[in-house]
Amino acid sequence: MSTTPTQESVTVRTFSQRFSATRRGARLARRLAVHQLDQWGHPYGTPASDAVALVVAELAANAVLHGRVAGRDFELRLHHRDGTVRIELSDTHPAHPELPAHDPTAEGGRGLLLIDAVATRWGTSLRGGPGKTVWAECETEGPDL
C-alpha cells in the first residue's frame with residue numbers, strides 16, 4: 001500500500017508596479033507598498049509595515065537620486081511568503097550600491113545602513129535588460145512583530 005505525500009499549502013502574494021524616477025514616484029512607491037501590506041494583513045503602523053516602508057523609501061530614493069537614467073522608470077516588486085516580505089527595486093543604472101564606510105560627519109549616505117539594520121538580509125542582482133535589482137527581505141512574523 002502506497003501513501004501519497006501531503007503537501008503544505010503555501011500562499012505567495014505579489015505586487016508589481018512601475019514608477020517615474022522622480023521624488024513623487026518614490027513617495028508613491030512607499031505609500032502603495034504600505035497600502036499593499038495592509039491588504040495582506042499587516043496594518044499601518046505595525047513593525048512589519050514600518051520596516052517595509054523604510055526599506056521601500058530608501059531604495060526608491062536611491063533609484064531616483066543615484067540610479068536614474070533619463071526617460072526610464074523604476075519598478076517595485078513585493079513578494080509575501082511564509083512570514084517574509086521580499087522587496088525588489090529595479091532601475092536601469094548599472095552601478096550596484098555598497099555599504100558606505102562609517103563617517104559620522106557625512107551629511108548623507110546612511111540609507112543602506114538603515115536597510116542593513118532593518119532588513120533580515122539584502123543584496124543586489126542583475127536583471128533582464130539594463131541595470132540592476134536591489135532587494136531586501138523583512139520579517140512579518142516573530143516575537144517582536
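A nonpolar core, as the term is used in these legends, is a set of buried Ala, Val, Leu, Ile, Met, Phe, Trp, Tyr and Cys residues joined through side-chain atoms within 4.5 Å. All views show a predicted model.

**View 1. The largest nonpolar core of the predicted model has 29 residues.** Within this core, the residues with the most contacts are Val-52, Phe-74, Leu-76, Leu-78, Ile-87 and Ile-115. The elements that each contribute two or more residues are strand 1 (13-19), helix 1 (23-39), helix 2 (47-65), strand 2 (74-81), strand 3 (84-91), helix 3 (111-118) and strand 5 (132-139). Of these, helix 2 gives the most, with eight residues. In soluble globular proteins, nonpolar side chains tend to be buried together.

**View 2. The protein chain is built from three helices and five strands.** Read from the N terminus, its elements follow the order β-α-α-β-β-α-β-β. The chain has 145 residues, of which 37% count as buried. Among the contacts with a separation of 6 or more, 63% are accounted for by residues 24 or more positions apart.

**View 3. Helix 1 packs against helix 2 at an angle of about 160°, and the two axes are 9 Å apart.** The two helices are therefore roughly antiparallel to each other, and their crossing is right-handed. On the side of helix 1, the contact is formed by Arg-23, Ala-26, Ala-29, Arg-30, Ala-33, Val-34 and Leu-37, which meet Ala-48, Ser-49, Val-52, Ala-53, Val-56, Ala-57, Ala-60, Ala-61 and Val-64 of helix 2. By class, the residues of this contact divide into 13 nonpolar, one polar and two charged. Val-52, listed here on the side of helix 2, is also one of the residues with the most contacts inside the largest nonpolar core.

**View 4. Helix 2 packs against helix 3 at an angle of about 150°, with the axes 10 Å apart.** Because angles over 145 degrees count as roughly antiparallel, helix 2 is roughly antiparallel to helix 3. The crossing of helix 2 and helix 3 is left-handed, whereas that of helix 1 and helix 2 is right-handed. Helix 2 contributes Ala-51, Leu-54, Val-55, Glu-58, Leu-59 and Asn-62 to the contact, and helix 3 contributes Gly-111, Leu-112, Leu-114, Ile-115 and Val-118. These residues comprise eight nonpolar, two polar and one charged.

**View 5. Gly-111 is a buried residue of helix 3.** Its relative accessible area is 12%, and Gly-111 is among the residues through which helix 3 touches helix 2. Gly-111 and Ala-61 are separated by 50 residues in sequence, yet their C-alpha atoms are 8.7 Å apart in space. Ala-61 itself belongs to the contact of helix 2 with helix 1.

**View 6. Gln-36 is a buried residue of helix 1.** With a relative accessible area of 16%, Gln-36 falls under the 20% limit and therefore counts as buried. When neighbours within four places in sequence are left aside, Gln-36 is in contact with Phe-15 and Leu-78. Leu-78 is, in turn, among the residues with the most contacts inside the largest nonpolar core.

**View 7. Asp-82 is placed in the loop between strand 2 and strand 3.** The phi of Asp-82 is near 50°, a positive value in a residue other than glycine. Most residues other than glycine have a negative phi. At 57% relative accessibility Asp-82 counts as exposed, whereas Gln-36 is buried.

Methods: Residues numbered from 1 in each chain as written. Predicted model: local features only at pLDDT ≥ 70, side-chain atom pairs only at ≥ 80, totals over all residues. Heavy atoms only, no water. Buried < 20%, exposed > 50% of the residue type's maximum accessible area, 1.4 Å probe, protein only. Helix = DSSP H or I, 4+ residues; strand = E, 2+ residues; numbered from the N terminus. Axes fitted to C-alpha atoms, helices over the stretch in contact; angles between N-to-C directions. Parallel < 35°, antiparallel > 145°, perpendicular 65-115°, else oblique. Left-handed = near helix turned anticlockwise from the far one by under 90°. Contact = heavy atoms within 4.5 Å. Nonpolar A, V, L, I, M, F, W, Y, C, P; charged D, E, K, R; others polar.
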